[in-house]
Amino acid sequence: MEDSSLMLGMTIVETMAKINSNYNKLPPSYFFLEMGKKVKAFQEKNPEVEILRLGIGNTTEALTSTVIKGLTKGVQKLADVKTYTGYGDEQGDSRLRTALAAYYQKSHINLDPQEIFISDGAKPDCANILSIFSDSSIVAVADPAYPVYVDSSIIAGKKVIYMRCSQENGFISDLPSKKADLIFLCSPNNPTGVVLTKKKLQVFVEYARKTAAVIIFDAAYAEYIQDQDLPKSIYEIPGAKSCAIEINSFSKWAGFTGVRLGWSVVPMDLIVEGEKKGKINSLWNRRQTTMFNGASNIAQEGGLAVLSQAGQKECKKLVDYYMRNSEIIKEGLESMGLKVFGGVNAPYLWVKCPKGLTSWEFFDKLLNDAHVVSTPGSGFGSMGEGYLRLSAFGHRENIKKAVESIKKNLVL
Ligand SMILES: Cc1ncc(COP(=O)(O)O)c(C=O)c1O
């Protein structure tokens, strides 16, 4: 009997279940564990010290009153047999899809609600969308990048190539150096806080059209764009509907990180090799109807409230609150002579480590000297070495305390 055989009653099973060995190819997840360990060790050694967290991209402020009313309405509908709903459409509540189409219309982007798919967030969509493309696809990802793009591509068995971002290219990816089938772009960017201009985005759109690649555009921070000339959606670029999928979320716009609601736009015009227009849309529809049972009906009522006039106004205030935090961090660090990128149209600040320190060395220094937790840039890719990411998500008083502590205690 082979090692891999098993005796089950009288039946000999020749092979055992095997894992998806792509998981073995993932970069080790020790990075964020290591951060946690360092913070825990520091806290144990210094129990009286207040740790100030600028490391996590998680929202902290309460939902707005209009959104709470929307969510409450969602709950109340479930309390009455006349308004109760169970499973909804896997693609999402048609009222929400229509409201999102109207929202895009404000930027002169025409979308049919059928091109919009509601989901439980941008992260799952970024990962799941890969399953509708060939296993042999080559995926281009920026270095540094939000880790989901690389990890989910590896799990899906796809090959990853990197587009380097550095101070020299303004942290805007160069075009892929080899033929790529899929290109992940994130603007405003996590972790660098940099935003693609229309001109830069146009270069990617033209490249994708020329090389028959598909761009997966993660716009989860679009509402943080303050500068009217910067594109919030890739569909502001002519020709993008034929080569781009857009993924977005209510998480950072409306504080839905825990509520969970997002959407993807898969245009009918999108074309891939050997297929007719509409094929990608129908494949995503097939994927979602097979493997997803729709976003929560309560969350979708909340999403409708976000998109109402009052909701948009209130959520803008929420975004403005975090952007004021960002300003406070940027001003504070720059006043010390630190070099800070991003943080103007995005809630992330990308700080160059001073004096040639590595990301981890600067992380340790900030923690030990100023009791501030950051995220080492090297956790987002090798090009992130020598940088730290700071997040503007947090209560104002903690942000102020953290900046004051850095200014007072950081010894460089
Ligand atoms: C770039 C980017 N995309 C997507 C997400 C996840 O969004 P969601 O909460 O909708 O899954 C995040 C969360 O931090 C992010 O930074």
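1. Helix α1 is hardly covered, since the count of buried residues among its 16 residues is 1. A residue is called buried if 20 or more other C-beta atoms lie within 10 Å of its own, exposed if 12 or fewer do, and partly exposed in between, with C-beta atoms placed from the backbone. α1 covers residues 30-45 and reaches 22 Å from its first C-alpha to its last, close to the 22 Å expected at 1.5 Å a residue. The expected span of a helix is 1.5 Å times one less than its number of residues. Helices (H or I, at least four residues) and strands (E, at least two) are DSSP runs, numbered from the N terminus.

2. On the model itself: this is a predicted model, in which local features need pLDDT of at least 70 and side-chain atom pairs count only at pLDDT 80 or more, while totals for chains, interfaces and linings use all residues. Residues are numbered from 1 along each chain as its sequence is written.

3. Domains. The protein chain is divided into domain 1 (28-57 + 311-409) and domain 2 (65-307); such bounds come from an automatic or database domain assignment. Taken over C-alpha atoms, the centres of domain 1 and domain 2 are 27 Å apart.

4. Domain contact. Domain 1 puts 25 residues in contact with 33 residues of domain 2, where contact requires that the C-beta atoms of two residues, placed from the backbone, lie within 7 Å. On the side of domain 1 that touches domain 2, the elements that give two or more residues are α10 (309-335), β11 (340-342) and β12 (348-352). α10 gives the most to that side, with 7 residues. The residues of this side of domain 1 divide into 13 nonpolar, 10 polar and 2 charged. In this count Ala, Val, Leu, Ile, Met, Phe, Trp, Tyr, Cys and Pro are nonpolar, Asp, Glu, Lys and Arg are charged, and the others, Gly among them, are polar.

5. Ligand shell. There are 13 residues around the ligand, and Gly-121, Ala-122, Lys-123, Ser-249 and Ser-251 come nearest. A residue is near a molecule or strand if its C-beta atom, placed from the backbone, lies within 6 Å of it. By class, the shell has 4 nonpolar, 7 polar and 2 charged residues.

6. Nonpolar core. The largest nonpolar core has 110 residues, and Phe-184 and Ile-215 have the most contacts inside it. This core draws at least three residues from each of domain 1 and domain 2. A nonpolar core is a set of buried Ala, Val, Leu, Ile, Met, Phe, Trp, Tyr and Cys residues joined through C-beta atoms within 7 Å. Not counting residues up to four places away in sequence, Ile-215 touches Ile-183, Leu-185, Phe-204, Ala-208, Ile-234, Cys-243 and Ala-244. In soluble globular proteins, nonpolar side chains tend to be buried together.

7. Lys-241. This lysine sits in the loop between β8 (214-218) and β9 (244-249). Lys-241 counts as buried because 23 other C-beta atoms lie within 10 Å. Leaving out residues up to four places away in sequence, Lys-241 touches Tyr-235, Pro-267, Asp-269 and Leu-270. Lys-241 and Val-205 are 36 residues apart in sequence, and their C-alpha atoms are 9.4 Å apart in space.

8. Cis peptide bonds. Asp-143 and Pro-144 are joined by a cis peptide bond with omega about 10 degrees, and Pro-144 lies in the loop between β5 (138-143) and α5 (148-155). The bond from Asn-190 to Pro-191 is also cis, with omega near 20 degrees; Pro-191 is in the loop between β7 (182-186) and α6 (198-211).

9. Positive phi. His-108, a residue other than glycine, has a positive phi near 65 degrees and lies in the loop between α3 (94-105) and β4 (116-119). His-108 counts as exposed because it has 8 C-beta neighbours inside 10 Å. Lys-355, in the loop between β12 and α11 (359-370), has a positive phi near 55 degrees. Lys-355 is exposed, with 8 other C-beta atoms within 10 Å.

10. Two further residues. Asn-24 is in the loop between β2 (11-13) and α1 and is exposed, with 8 other C-beta atoms within 10 Å. Asn-24 and Ile-154 are 130 residues apart in sequence and 9.4 Å apart in space, C-alpha to C-alpha. Glu-361 belongs to helix α11 and is partly exposed, with 14 other C-beta atoms within 10 Å. Glu-361 and Gly-386 are 25 residues apart along the chain, with 9.1 Å between their C-alpha atoms.
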